Amino acid sequence: MAEPHEHVPVLLVIAAFSRHDEVLDWARQQLEEAFGPIELTSPAYEFNQTIYYETTMGPGLRKQFFVFRNLIAADCLPSTKLQTNVLEAELAGTGAYPEPRPLNLDPGLLELGKFMLATTKDQAHRIYLCDGIFAEVTLRYQAGAFEPWPWTYADYRQQVVRDFLQEAREFYKQQLRGT
């Protein structure tokens with residue numbers, strides 16, 4: 001019988017999107033306070049692969065990824081998602097923006113073989129973790145690159161996103177080596 005063992009620490013990646021640049025700046029500051037220094041930041045890009053969020057977030061959304069310097073335990077995904085939900089609600093509660101949801105934060109974990117996202121929505125390909133949070137393996141690492149699954153969100157299929165996650169993976173490998 002195989003014995004369970006401690007999982008190696010993983011890399012925290014949080015996607016933030018909003019139509020307000022100052023909201024993305026606020027998110028970055030709050031996320032650094034909550035999770036430590038950000039090591040890598042993607043360029044903000046147009047998030048126009050779906051209109052799903054327009055009713056609550058407005059048009060003209062921009063998305064950006066933040067990669068955190070400090071590795072975390074692999075079982076932290078649910079608590080991280082709950083923390084990011086609190087930050088979203090805190091900003092929305094200020095009433096400073098016309099949209100009911102001026103910010104969306106999507107935490108994920110990057111490992112050498114996969115990138116997974118946390119979500120509160122169940123689907124056939126998602127696994128329940130705890131506290132109302134599910135995990136989805138959004139990309140798999142195969143033949144030297146991150147590759148999508150049939151269920152992978154359209155923006156995560158983009159080469160620019162997968163290239164940034166490849167850069168994050170290289171940073172993660174360095175962190176695992178202790179350099």
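Begin with the contacts of the whole protein chain in this predicted model. Among contacts between residues at least 6 apart in sequence, 66% join residues at least 24 apart.

Next, keep the whole chain selected and consider its dimensions. The C-alpha atoms fill a box of roughly 55 × 35 × 30 Å, taken along the principal axes. The radius of gyration is 16 Å, which agrees with the value near 16 Å for a compact globule because the chain has 179 residues.

Now switch to a surface display. Of the 179 residues, 44% count as buried. The protein chain exposes about 9100 Å², and carbon and sulfur atoms supply 53% of that area.

Return to a cartoon display to follow the secondary structure. The protein chain contains 5 helices and 9 strands. Starting at the N terminus, the elements follow the order β-α-β-β-α-β-α-β-β-β-β-β-α-α.

Select residues 127-130, which form strand β7, together with residues 133-142, which form strand β8. In which sense do β7 and β8 pair? The two strands are antiparallel, and 3 bridges join them.

Note on methods:
Residues numbered from 1 in each chain as written. Predicted model: local features only at pLDDT ≥ 70, side-chain atom pairs only at ≥ 80, totals over all residues. Heavy atoms only, no water. Helix = DSSP H or I, 4+ residues; strand = E, 2+ residues; numbered from the N terminus. Rg over C-alpha atoms; globule rule 2.2 N^0.38 Å. Buried < 20%, exposed > 50% of the residue type's maximum accessible area, 1.4 Å probe, protein only. Contact = heavy atoms within 4.5 Å. Areas by Shrake-Rupley, 256 points an atom, 1.4 Å probe, with all protein chains shown as cover. Pairing = 2+ DSSP bridges.
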